[in-house]
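Hi,

Here is the structure I promised to send over. Have a look at it first, and my notes follow below.

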Amino acid sequence: MGKTASIDSPLTLPSGLVLPNRIAKSAMTEGLATRDGLPSPSLLRLYGRWAPSGAGMLVTGNVGLDEDHPVRPRDVILRRGVPLAPFAEWARVARAGGARVVMQLNHAGRQTPRLVNGRPLGPSTGAAVQVLRAFGEPRAATEAEILDVVRRHGEAAALAEEAGFDGVQVHAAHGYLLNQFLSPDVNRRDDAWGGDVARRARLLVECVRAVRAATGPGFSVMLKLNAGDFLRGGFTEDESLEVLALVDRERLDLVEISGGRYESGASFGHASPDPGPREAYFLSFARRARQATRSPRMLTGGLRSRAAIDAALAEGALDVAGIARPMALVPDYPRRLLAGEPLPRTQAPRLGLRSLAHLEGSAELAWYYRQVARLGAGRDAAPSSSAMAALVWFLATDASAAAWTRMTRAMRRAFAPGEHAALTEGTRQSH
Ligand SMILES: Cc1cc2nc3c(=O)[nH]c(=O)nc-3n(C[C@H](O)[C@H](O)[C@H](O)COP(=O)(O)O)c2cc1C
């Protein structure tokens with residue numbers, strides 16, 4: 001697979017899903033749900049822009065499995081009991097241009113913002129994520145809570161299939177809960193869920209199995225995995241290759257390779273493992289990954305030009321090219337790429353505070369969040385807008401969204417306390 005592939009050749013995944021070409025929109029958190037965590041008119045408008053983008057596959061922004069652990073307070077949440085009609089509408093709108101549509105499932109764990117949850121779940125107790133004091137100290141998940149995370153993956157996948165999505169992607173990258181279990185500096189457990197690589201990977205493997213067991217044979221099951229955390233003491237490239245070999249048994253339809261956690265800038269190429277040109281900054285790892293897995297591989301991170309993608313496809317380093325940030329600025333970027341049209345440079349402005357790398361990183365992310373929100377509002381992106389304005393907008397928007405979310409949740413729990421009470425009971429058993 002891959003050697004003779006070109007950017008516009010279709011790809012048949014192991015479960016039978018056919019991607020019409022080799023360009024995929026990679027996941028970008030939209031933060032555009034309703035107050036109840038459901039797909040909103042803005043979210044549908046956004047996917048109306050991306051549906052005819054020319055991408056062969058659209059991976060949604062992360063959909064939360066647990067309303068207490070989103071990445072942003074207005075993330076879409078999919079769990080038992082939510083109405084499925086808005087999700088079916090989301091899938092319908094996103095597929096209207098011929099792209100396959102895959103829902104990314106995520107539990108943010110200790111990377112849940114403090115504004116939503118001051119005591120987030122993690123593999124172990126320990127220090128909070130050290131970025132802008134935005135995160136609380138994690139508490140160690142009990143066995144019951146770990147099994148609950150596994151169960152939620154299966155349930156959400158079954159619901160996504162029922163709503164009409166072509167597949168789901170289990171998110172084990174970028175420092176979220178499944179990545180936290182993989183990272184030895186964060187996962188200090190010495191039970192069945194921590195220790196050597198196999199035990200640190202157990203949660204990921206169990207989640208993939210739960211998703212597979214809950215869905216039909218034609219439904220695609222994908223994984224997003226870090227090439228490495230690129231932090232001292234974190235998950236390494238060699239360990240990532242071991243994990244790929246371990247999950248190979250699970251017959252994944254596609255493995256997306258990315259890297260980094262909030263504390264490192266690697267996801268955006270700022271602590272790039274591949275020096276030199278900024279395109280495809282996990283390319284050397286992708287080459288190594290080829291030996292470790294039989295699953296088709298998607299590579300994301302810095303890919304921008306047809307020449308770079310063609311070359312990587314031709315050498316078999318990847319089967320699918322993932323593109324994220326350009327899609328927030330130029331919603332039909334893949335179509336232009338496939339047509340060989342000139343592509344605008346797409347780069348966020350800097351605050352200019354070199355010594356405050358985390359602030360720069362947050363401003364960059366905020367700037368892209370804001371572009372995505374503009375598309376959702378039916379406007380065009382504003383490439384000349386400032387990073388500082390985006391950061392202020394982001395802090396204000398998410399703070400007020402978090403306040404509303406907390407109030408809505410508190411009211412719902414006051415009237416229907418059943419499920420929540422059962423879970424908090426579980427968390428009281430000390431681990
Ligand atoms: C605004 C924004 C939101 C993102 N949200 C997610 C997400 O929800 N899930 C995920 O796996 N990656 C997310 N990412 C990371 C991208 O999927 C991708 O890995 C990264 O941007 C590198 O690819 P690029 O160079 O093509 O942008 C996000 C990136 C941006 C800019």
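Arg80 comes out at 52% relative accessibility, so it counts as exposed, the cut-off being over 50%. Keep in mind that this is a predicted model. Arg80 forms a salt bridge with Glu155, with 3.3 Å between the closest N and O atoms. That pair ties together distant parts of the chain: Arg80 sits in the loop between β5 (63-64) and α2, Glu155 in helix α3 (residues 143-163), and 75 residues separate them.

Helix α3 also has a local pair. Asp148 and Arg151 make a salt bridge at 2.6 Å, N to O, and they are 3 residues apart in that helix, about one turn. Asp148 counts as buried because its relative accessibility is 12%, while Arg151, at 31%, counts as partly exposed.

A few more on the charged side: Arg199 and Asp196 meet in a salt bridge of 3.3 Å, N to O. Both ends are partly exposed, with Arg199 at 34% relative accessibility and Asp196 at 39%. There is also a network of salt bridges linking Glu67, Asp68, Arg79, Arg409, Arg412 and Arg413. The count of salt bridges comes to 37.

The axes of α1 (residues 41-50) and α2 (residues 85-95) come within 8 Å of each other and cross at roughly 20°. Angles under 35 degrees count as roughly parallel, so α1 and α2 fall in that class. The crossing of α1 past α2 is right-handed.

Two backbone spots to check when you go through it: His174 and Ala280 are not glycines, yet each has a positive phi, about 55° for His174 and near 55° for Ala280. His174 is in the loop between β9 (167-172) and α4 (177-182), and Ala280 is in the loop between β11 and α8 (283-292). His174 counts as buried because it is at 16% relative accessibility; Ala280, at 5%, counts as buried too.

Phe415 belongs to helix α13 (residues 387-415) and counts as exposed because its relative accessibility is 72%.

Last one: Arg249, in the loop between α7 (237-247) and β11 (254-258), is exposed at 61% relative accessibility. Its C-alpha is 31 Å from that of Gly98, and the two residues are 151 apart along the chain.

Cheers

How values were computed. Residues are numbered from 1 along each chain as its sequence is written. This is a predicted model: local features need pLDDT of at least 70, side-chain atom pairs count only at pLDDT 80 or more; totals for chains, interfaces and linings use all residues. Side-chain values use heavy atoms; hydrogens and water are left out. Helices (H or I, at least four residues) and strands (E, at least two) are DSSP runs, numbered from the N terminus. Buried means under 20% relative accessible area, exposed over 50%, partly exposed in between (1.4 Å probe, protein chains only). Axes are lines fitted to C-alpha atoms, for helices over the stretch in contact, and angles run from 0 to 180 degrees between N-to-C directions. Angles under 35 degrees count as roughly parallel, over 145 as roughly antiparallel, 65 to 115 as roughly perpendicular and the rest as oblique. A crossing is left-handed if the near helix is turned anticlockwise from the far one by less than a right angle, and right-handed if clockwise. A salt bridge is a side-chain nitrogen of Lys or Arg within 4 Å of a carboxyl oxygen of Asp or Glu.
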